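Please look over the sequence and the model below before reading on.

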Amino acid sequence: MYVCAFATAYFVFNRQVKEGALNTPDYTCTDDDVYSFFATGILLLIVGARIFSCLVYDSTGYYLTRPWLMFWPWDEYGNYTGLAGMSYHGGVIGGFAGMVLWCWKNKKPVFKWMDVMGVSIPLGYTFGRLGNFFNGELFGRITTKPWGMVFPAATPFSVSIPWVKEFAEACGMDVSTRMVNLPRHPSQLYEALFEGIVLFLILWFLRKKKPFDGFISGMYFIGYGVFRFFIEYFRQPDEDLGFRIEKVKDATIYTNTSLLNLSTGQILCLLMILAGLLIILVQGIRSRKQRKA
């Protein structure tokens, strides 16, 4: 899925380059520039995604005492684990740092290049969420909706618990067994649709109508943040982390008890939205001053 994601993002990026999105009167974008820009961004994206996952989403503190294992695909007992665990928000921070570093080193306008990348990311990101779906991970909260799905890795519940039995019966499930795996929202597919395809279509439409450099970048941050924030109400928070902000105490993570209980992802999405608004505000002011000068 990573290969599909990067290939798709590259295709969309290159399409915009051929439209002249990065050309100026004294510069024409070359293939070498695109390759090195992508390589730098992808490398730091992976680094950021892995570090963020290990530090923010690992509640055990395992990697704090063994930081050298973050990028080591075997555990301390020699068992192969791969690099299990990547954080989207960490990838954004790492990828952003990589783009800024490349543009600074090569004396290119940061936000012009970031805008082109902002249009390119969502369609590729769709494959990442499809990968989560195929892996049966990052699934949603329980639901009685007809499109609810049973994920094998989800926590089963005891039928002896009254609400579990009622829920299972409402879904038409067999309650004669001792344990039951309840259907859940396929939140990975919600994210693939809205954070991927829908956001891509919005940004693709806006790409030639942007009023200034940085507008598309800001809209990407805002669009992703808004879509992900609301989809998080259907996605089950990590069981070991629960809610970071819990206005309704002792609320279950398996159902949406309160809109005021916020997960880690929702808090990070609020920060993304604020970052997007800040980029648009600052770049808008700079653009206005440049026009008046």
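**Reading the predicted model**

Cys171 has a relative accessible area of 25%, and because that value lies between the cut-offs of 20% and 50%, this cysteine counts as partly exposed. The model is a predicted one, and the structure holds zero disulfides. Cys103 is accordingly in no disulfide, and the nearest cysteine sulfur, which belongs to Cys29, is 10 Å away. With a relative accessible area of 1%, Cys103 is buried.

On the surface, a nonpolar patch is formed by Ile51, Leu55, Leu64, Phe71 and Leu83, which together have about 440 Å² of accessible area. One of these residues, Ile51, is found in helix 2, which covers residues 31-56, and at 31% relative accessibility Ile51 counts as partly exposed.

Ser217, by contrast, has a relative accessible area of 1% and is therefore buried. Its place is in helix 8, and, if neighbours within four places in sequence are left aside, Ser217 is in contact with Phe111, Met114 and Asp115.

How much confidence does the predictor attach to these parts of the protein chain? Confidence is highest in helix 8 (residues 215-231), at a mean of 97, and lowest in helix 3 (residues 62-65), at a mean of 80. For the protein chain, the mean pLDDT is 90, with 100% of its residues reaching 70 or more.

Terms used
Residues are numbered from 1 along each chain as its sequence is written. This is a predicted model: local features need pLDDT of at least 70, side-chain atom pairs count only at pLDDT 80 or more; totals for chains, interfaces and linings use all residues. Side-chain values use heavy atoms; hydrogens and water are left out. Patches are made of residues with over 30% relative accessible area and no salt bridge: like charges are joined within 9 Å, nonpolar side chains (Val, Leu, Ile, Met, Phe, Trp, Tyr) within 5 Å. Accessible areas come from the Shrake-Rupley method with a 1.4 Å probe; for residues, only the protein chains shown count as cover. A salt bridge is a side-chain nitrogen of Lys or Arg within 4 Å of a carboxyl oxygen of Asp or Glu. Helices (H or I, at least four residues) and strands (E, at least two) are DSSP runs, numbered from the N terminus. Buried means under 20% relative accessible area, exposed over 50%, partly exposed in between (1.4 Å probe, protein chains only). A disulfide is a pair of cysteine sulfur atoms within 2.5 Å. pLDDT is the predictor's confidence in each residue, from 0 to 100. Contact means heavy atoms within 4.5 Å.
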